[in-house]
Amino acid sequence: MSRRIESCVWTVAFALIGCGQTGQEVYPLRVEGAGTATGTLIVPTRAPPDPAPVCAPPCECGSGDWEVTLEQADVAFGPLYLCASVRAGPELCPESIAEMLDVGVVDALDPAPVLLGAGQALTGRAQSAMWDYGRSWLLTQTEVVPDPRAPGGHSLVLRGTATKGPTSFRFAADVDVDASEAGLYGVQSAPVTRDFAGPYESLSVRFDPGAWVSGIDFDAVACGRASASEVDVSFARTSIAYNSLYIAMNNSRLPTLVGQSSAAP
Amino acid sequence: MTKKRNDKTIARAALPLVAMSALIGACGGDDDAPAGSGIVEVRLEAEETIPDGIAAGTGAENIVDGWSVEYTKYIVAIGHVELARAATPDPHFHSEAEFVVDMTSLPPTGFQLARFENVSAERWDEFGYETVAASAAATRDPSVTQADYDEMVAGGLTYLIEGTMTKSDGESCVPGGAACRAAISISFRLGVPVPTVFSDCEAEEGAPGVSVAANTTTSVNATIHGDHLFFSAFPTGEEALARRAQWLANADTNGDNTVTRAELEAAPAAGLFPAPDYSLTGAPFAIEDGWDFVVAQLKTQGHFQGEGECLSDGMGHDHAS
């Protein structure tokens with residue numbers, strides 16, 4: 001439908017749909033986002049290395065798992081492109097079958113759907129998707145540019161508390177899921193199965209921040225504090241905890257995309 | 001030309017004559033060659049990174065973080081060559097033959113995987129092959145020891161890759177661990193079950209399949225690359241791609257200078273593959289640990305005619321080099 005470089009020319013892209021896809025109808029696409037009520041998460045303690053190091057403060061040396069409560073999980077999402085090809089990516093999917101050029105923000109702790117944006121879809125089957133989390137790097141740009149709607153300019157703003165035994169600390173992560181170079185996407189290719197038949201199309205993107213957090217080694221986070229009295233931990237970009245969230249968002253714990261065609265909006 | 005038939009019987013009967021591999025894998029040919037037909041020979045080709053290793057350096061083909069890699073074994077189980085036309089699915093040519101071959105010691109002309117005779121002179125636009133889970137049905141090439149073959153079959157392995165990476169000032173830094181330790185040489189021996197169908201292969205210039213000329217033998221290569229283990233990402237196109245090996249050194253969690261599957265399985269991806277040096281987006285499946293990364297990268301190693309691309313289990317894959 002349109003390449004990323006064309007994303008700034010919405011009307012031209014719309015015209016391309018009609019010209020380049022003879023016989024295919026163009027339908028309006030409504031994209032909603034919804035979160036997941038996580039409650040108190042149980043994040044298992046990782047098996048210690050062998051031989052186990054001597055445990056001492058600020059590490060939490062007790063047995064048992066971590067109880068994690070998320071207080072904020074704001075996610076920016078979009079633009080989104082769905083592809084007919086089994087795998088996405090700018091070269092494997094030069095023309096999308098559906099797209100939303102908007103960027104929306106979701107409270108990923110709230111299951112109630114909110115409108116992320118509007119787009120359009122062609123008739124046909126999408127088998128893959130690529131998208132940004134509110135931070136895009138167009139071919140015409142020299143670096144990643146956050147969308148004004150992205151919270152604080154970030155893909156994810158996460159706040160929570162982790163507790164195990166007598167140890168409790170608040171944690172904060174401002175995660176930027178960026179493309180590795182101009183023209184690419186934060187998420188390069190994700191499997192999707194979605195048939196677009198019109199006349200009204202919807203797509204729901206469900207985020208699960210609990211799944212993103214579940215991969216964090218909170219024992220390591222606790223040990224990484226300057227002292228046992230440090231109760232506010234910010235995940236540095238170079239930290240494993242930050243990278244755990246980053247990988248969860250762009251590879252291992254992708255949001256699910258589901259939707260349906262309907263007769264009425 | 002006849003329709004496809006299962007030639008596993010042929011392959012087994014030919015086992016004692018495996019060196020005469022021209023007899024193996026032929027399938028689909030008629031007794032009476034039609035006018036305007038040719039022969040297609042399919043050979044296994046190893047990218048030069050397999051026999052020659054991968055040097056440290058700053059070039060596009062080098063490992064950029066200072067490690068050099070040499071393989072002592074790069075054994076693959078491979079076969080099931082397919083040649084067809086999209087517009088006319090039948091008849092087509094297919095070989096059920098499977099081989100277990102060490103690609104560090106392939107003959108310069110390659111290793112013959114299949115030979116199809118009486119192939120009508122036209123473009124056969126669908127070419128593919130499989131890297132398989134080794135079974136007793138596979139023919140052991142003399143380049144593979146009986147012990148390694150038995151290990152491959154017992155484990156249903158697709159690859160058995162053994163090598164050493166070296167760096168004069170190398171270190172192993174276990175993620176989240178204590179200080180880095182000096183490690184100038186790290187060995188690995190990875191038996192990996194990763195059966196994969198490589199289909200719809202296209203040469204680098206973009207022509208799909210094989211063009212067959214009359215009264216001519218056309219040779220094409222199923223090429224296995226040897227550097228994907230050290231890719232820093234899962235490319236979907238011509239994006240820039242670095243080769244990095246530090247992650248494998250860091251997976252040596254017990255400090256014995258040898259990396260095992262168990263260590264890789266126990267090493268979370270978040271520690272081994274820090275962004276932005278590594279990017280896991282676009283991987284064929286979720287990468288939870290170092291072993292997942294190995295399996296996912298090996299799923300993309302099948303190529304055609306050198307740098308030509310094939311779909312990997314139906315999924316597109318492309319990279320610049």
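Predicted model: local features only at pLDDT ≥ 70, side-chain atom pairs only at ≥ 80, totals over all residues.
Local features need pLDDT of at least 70, side-chain atom pairs count only at pLDDT 80 or more, and totals for chains, interfaces and linings use all residues. Residues are numbered from 1 along each chain as its sequence is written, chains are lettered from A in the order in which they are written, and side-chain values use heavy atoms, without hydrogens and water.

**View 1. Helix H4 of chain A, residues 240-252.** Helices are DSSP runs (H or I, at least four residues), numbered from the N terminus. The end C-alpha atoms of H4(A) are only 15 Å apart. A straight helix of 13 residues would reach 18 Å, taking 1.5 Å times one less than its number of residues. Twelve of the 13 residues are buried, so H4(A) is largely enclosed by the rest of the structure. Buried means under 20% relative accessible area, exposed over 50% (1.4 Å probe, protein chains only). Among the buried residues are Tyr242(A), Leu245(A) and Met249(A).

**View 2. Helix H3 of chain B, residues 146-155.** Asp148(B), Tyr149(B) and Met152(B) are buried. Seen down the axis, they fall within an arc of 100°, so they line one face of H3(B). The arc is that of the directions from the helix axis to the C-beta atoms. Ala147(B) and Ala154(B), on the other side, are exposed. Just after H3(B), Gly156(B) takes a positive phi of about 60°.

**View 3. Asn250(B) in helix H4 of chain B, residues 246-250.** Asn250(B) counts as buried because its relative accessibility is 11%. Its side chain reaches the backbone nitrogen of Cys173(B) at 2.9 Å. The side chains of Asn250(B) and Gln246(B) are joined by a polar contact of 2.7 Å. A polar contact is a pair of N or O atoms within 3.5 Å; within protein, one must be able to donate a hydrogen and the other to accept it, and residues adjacent in sequence count only if both atoms are side-chain atoms.

Note on methods:
Helix = DSSP H or I, 4+ residues; strand = E, 2+ residues; numbered from the N terminus.
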